[in-house]
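Student: Could you take me through one part of this model in detail, starting with its pockets and then the helices beside them?

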Amino acid sequence: MHAHISRKHRVLICLAAAFLLANAAFAQAQELTLGVALEPPVLDPTVTAAAATDEIVYQNVFEGLTRIDQNGRVQPSLATKWEANARGDKWRFTLRQDVQFHNGVAFTAEHVAFSLRRAQAADSLNAQKRLFESIETVAVVSPFEVRIDLKHPVADFPRVLAWGDAVMVEPTTVDTNDTAPNGTGPYQVQSWRRGEQITLKAVPTAWRQVPIPTVTFLFLADPNAALAALLTGRVDGFPNFPAPEALDLIRAKDTFAITLGTTEGETILALNNARPPFNSRENRCALTRAIDRPTLIELAMFGAGTPIGSHFAPHRDEYVDLSQRQPYAADEVLPTALTAEPVDLVLPPPGYAQRSGELIAIQLRQKGMTVNVQVVSWSDWLRSVFRESQYHMTIVAHTEPDDIEIYAREKYYFNYANSEAQTLLERLHATTDLDQSKQILGEFQTLLADDCVNVFLFQLPKIGVWKRTIKGLWANAPIQANDMTRVAWE
């Protein structure tokens, strides 16, 4: 028997259904959940080299005078405009006048002076401290104008200030930014559940408002867990999906948009140049020729990855293709120094590193090497490899833009020491001519390839997977960031 439903009841049912649908749409507009592979060790980008930190806080929580957009161009941020003298060694920046930190302190030129001086100080923990060595003085001209004099011309100084390492900080909270960041961005950290997730909440008083008030980042390093979270709706997407092997399955669902973009991530088998057997150029070059990089890209990255032969992104105008400078040789006979003693291969959590590491270990064992694979946490990798150089080999993608200068540092984790690299960097800093700069960068790339400083494997792709109704996530990664300021539900 069919129950009779009155016209009045039918109207109420329709209104209730419409109310539920509207509430669901409203809830969706209020929040977004994204998966990321790595948890940041700290939330202050001025004291860590971890890309995972910038991927959460860059432009969202902390801002600099300038910013990098998704096309790799420098744009205004806390500075509205800037100008330089003809020589390029004196710069003036005009600041926004409607900005305050999350703790209510008004942002002024004094904060610019403090932040930049802190970054270049003798006791600075800034991972890119070298970026600020060109600064001679920072002068407060007025509350909203600052003058920066450089020791030598820097043609693209606004790009230096767009790095996450150059964000503005407030003096009274610098000691707590690691866990309770106080920035000027449109979001602040609402909660951080270690090992699980970070949630950002929009700041009502921020100078820039955002379409989505709540964004949660779930930490999902395991590719299988990442795929399950995507397919079950636990996450709405991944700005950088860690399971390229699952893309065909995802395409079949027709629920998600898939983008294959570029990154600044030179993925390298880093070698400790100060530790035998890799303190010998002969040994490093023989190792490079023993690794089948085309097969590595096909199997470890499922074909997604561009071969490289030096430390430079292929999409840049200054790129020199050196991928065949030390080509794979199937019959390469390794020097005795490489096969006499065991070497360790330390692998951090990302899937690209672990898949590549296992394949490289197999290839090198077939050549007679004894390779001990050690899988470590990200914090352990930062401590033992990056800071203490306690390793033989490791695999990591260097996702910072314009970072070839790391090879001229006095001390860096792969311990490369070559005066020619220092000279090239000095020449690069001394010129404002773009053609000459391009030539010097080409010489720098060639030097690294010929010295076999590291084994240059491939340029890391950016595989974005998210619901089709999400707009504004970046297809490319010209800087390590998940800029949420223009992301919205359609």
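Tutor: Grid points are joined across faces, edges and corners, and a volume is the space filled by probe spheres set on the points. This is a predicted model, in which local features need pLDDT of at least 70 and side-chain atom pairs count only at pLDDT 80 or more, while totals for chains, interfaces and linings use all residues. Residues are numbered from 1 along each chain as its sequence is written, and side-chain values use heavy atoms, with hydrogens and water left out.

The largest pocket has a volume of about 980 Å³. Its lining has 37 residues, and Asp-156, Arg-159, Arg-316, Asp-402 and Leu-441 are the closest to its centre. Helix H4 (157-160), H12 and H13 each give two or more residues to this lining; helices are DSSP runs of H or I with at least four residues, strands are E runs of at least two, and both are numbered from the N terminus. H13 contributes the most, with 4 residues. By class, the lining of the largest pocket divides into 15 nonpolar, 12 polar and 10 charged residues. Here Ala, Val, Leu, Ile, Met, Phe, Trp, Tyr, Cys and Pro count as nonpolar, Asp, Glu, Lys and Arg as charged, and the others, Gly among them, as polar.

The axes of H12 (residues 419-430) and H13 (residues 434-451) come within 9 Å and cross at roughly 165°; axes are lines fitted to C-alpha atoms over the stretch in contact, with angles from 0 to 180 degrees between N-to-C directions. H12 is therefore roughly antiparallel to H13, a label for angles over 145 degrees. Glu-420, Ala-421, Leu-424, Leu-425, Arg-427 and Leu-428 of H12 meet Ser-437, Ile-440, Leu-441, Glu-443, Phe-444 and Leu-447 of H13, where contact means heavy atoms within 4.5 Å. This contact of H12 with H13 has 8 nonpolar, 1 polar and 3 charged residues.

Lys-151 sits in the loop between strand S7 (145-150) and H4. Lys-151 and His-429 are 278 residues apart in sequence but 10.0 Å apart in space, C-alpha to C-alpha.

Notes
Angles under 35 degrees count as roughly parallel, over 145 as roughly antiparallel, 65 to 115 as roughly perpendicular and the rest as oblique. On a 1 Å grid over the protein atoms alone, a cavity is a set of points where a 1.4 Å probe fits but cannot get out, and a pocket is an open set with protein on both sides within 12 Å along at least five of seven lines; lining residues have an atom within 4 Å of a point.
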